[in-house]
Protein chains: 2
Amino acid sequence: MKMSDIITARIMQMLEQSEYNSAEIQRNELAALVGCVPSQINYVLASRFTPEHGFVIESRRGGGGYIRITRVSLDRSSALMHIINSIGGELDASTARILIENSLQADLIDGKSAELMQAAISSTVLREIPPILKDRFRAAVIKQMLIALI
Amino acid sequence: MKMSDIITARIMQMLEQSEYNSAEIQRNELAALVGCVPSQINYVLASRFTPEHGFVIESRRGGGGYIRITRVSLDRSSALMHIINSIGGELDASTARILIENSLQADLIDGKSAELMQAAISSTVLREIPPILKDRFRAAVIKQMLIALI
DNA sequence: ATAGATAAGGTCAGTAAAGGTCAAAAAAGA
DNA sequence: TCTTTTTTGACCTTTACTGACCTTATCTAT
């Protein structure tokens, strides 16, 4: 098992056990415990406990310093609403792809839904409609599909 | 015996032995074991462990990366295949609706996927498309979305 | 007070360890 | 022979890990 996974598991475990979805660690202590360099703790936090993943990190340096990881429950449907409203009448291919990817990362939609969206606006499908209409089409499809997920 | 067959046999064997119809390999390790270049593993996976053959591949790069091969129940994916092939170049609104409904009843797709499909070909979306193209559009969208679910 | 000393955590660039892609060459089949 | 499948290798992208050096906070002796 990878070191990063071990660290992740340990933090998750602390979060489970905590009352308030919040865990406080000492960077050096945890690093020594699992046997890695301190900076790897930062790597794990940066790659797996991001706001996109629904976590907030606070920390303090100096004597008695700490790192606090808090799991925040983001309001799914209002976040989705926000995205839907941000889509205008047109949506180009790369913006669409990024939008779907971000929604997935933010855990607003699941992997299968993301794939279905990509499929619905895939080039294979787009081939069926006149080029001038593609952007309008993408916007309409993505919007309707997101609405279906609320 | 061909190298590709050896690799295939080895993966199959792992799948047999696994509890969950799923095997996890290290690409480089397996390549070294059977004596081929790593990229041939990709070739075998691409040519013999496709969704059409009833397999799903997931992988991760980077240190400690892996490739996971999962066998999916053939009935489901082959039934889906059958449906996909039965869709011609055009699909009218009511046939589409019935097709989605039937797939749901037959448990080939889940409720959420069904709703996403309905949304993707909803009248709101279709409004963006020239009437003569609507049937072609429906066929393309539904086909791609079903393929994404295999 | 305040200057060091000490005790945290932060950053970043570099290296290593995977897997992915693609096109060309070779082999096998038809 | 002609076409399809297999094999190979050069090059790419992503993820993980490490260590040197930096910043901030606290403590302690003057």
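Predicted model: local features only at pLDDT ≥ 70, side-chain atom pairs only at ≥ 80, totals over all residues.
How many residues of the surface near DNA strand C are nonpolar, polar and charged? Residues are numbered from 1 along each chain as its sequence is written, chains are lettered from A and ligands numbered from 1 in the order in which they are written, and side-chain values use heavy atoms, with hydrogens and water left out.

**View 1. The protein surface near DNA strand C.** Here, five residues are nonpolar, 18 polar and six charged. (Ala, Val, Leu, Ile, Met, Phe, Trp, Tyr, Cys and Pro count as nonpolar, Asp, Glu, Lys and Arg as charged, and the others, Gly among them, as polar.) A residue is near the strand if one of its heavy atoms lies within 4 Å of it. Of the 29 residues around DNA strand C, those that come nearest are A:Arg27, A:Ser59, A:Arg61, B:Asn42 and B:Arg61. Sugar and phosphate make up 67% of the atoms of DNA strand C that come within 4 Å of the protein.

**View 2. Polar atoms at DNA strand C.** A polar backbone atom of A:Arg27 is 2.7 Å from a phosphate oxygen of the DNA strand. From chain B, a polar side-chain atom of B:Asn42 lies 2.8 Å from a phosphate oxygen of DNA strand C. The side chain of A:Arg61 has an N or O atom 2.8 Å from a sugar or linking oxygen of DNA strand C. In chain A and in chain B, helix H2 (27-34), helix H3 (38-48), strand E2 (55-60) and strand E3 (66-71) each give two or more residues to the surface near DNA strand C. (Helices, H or I with at least four residues, and strands, E with at least two, are DSSP runs numbered from the N terminus.)

**View 3. The open sheet of chain A.** Three strands lie in the order E1-E3-E2, with antiparallel pairing. (Two strands pair if DSSP finds at least two bridges between them.) Strand E1 (22-25) and E2 of chain A are the edge strands, each pairing on one side only. E1(A) and E3(A) are joined by four bridges in the antiparallel sense, and A:Glu24 stands opposite A:Arg68 in E3(A).

**View 4. The open sheet of chain B.** This sheet of three strands has the order E1-E3-E2 and antiparallel pairing. Its edge strands are strand E1 (22-25) and E2 of chain B. E2(B) and E3(B) run antiparallel and share six bridges; look for B:Ile57 opposite B:Ile69 in E3(B).

Definitions and conventions:
Polar contact = N/O pair within 3.5 Å; in protein donor to acceptor, adjacent residues only side chain to side chain.
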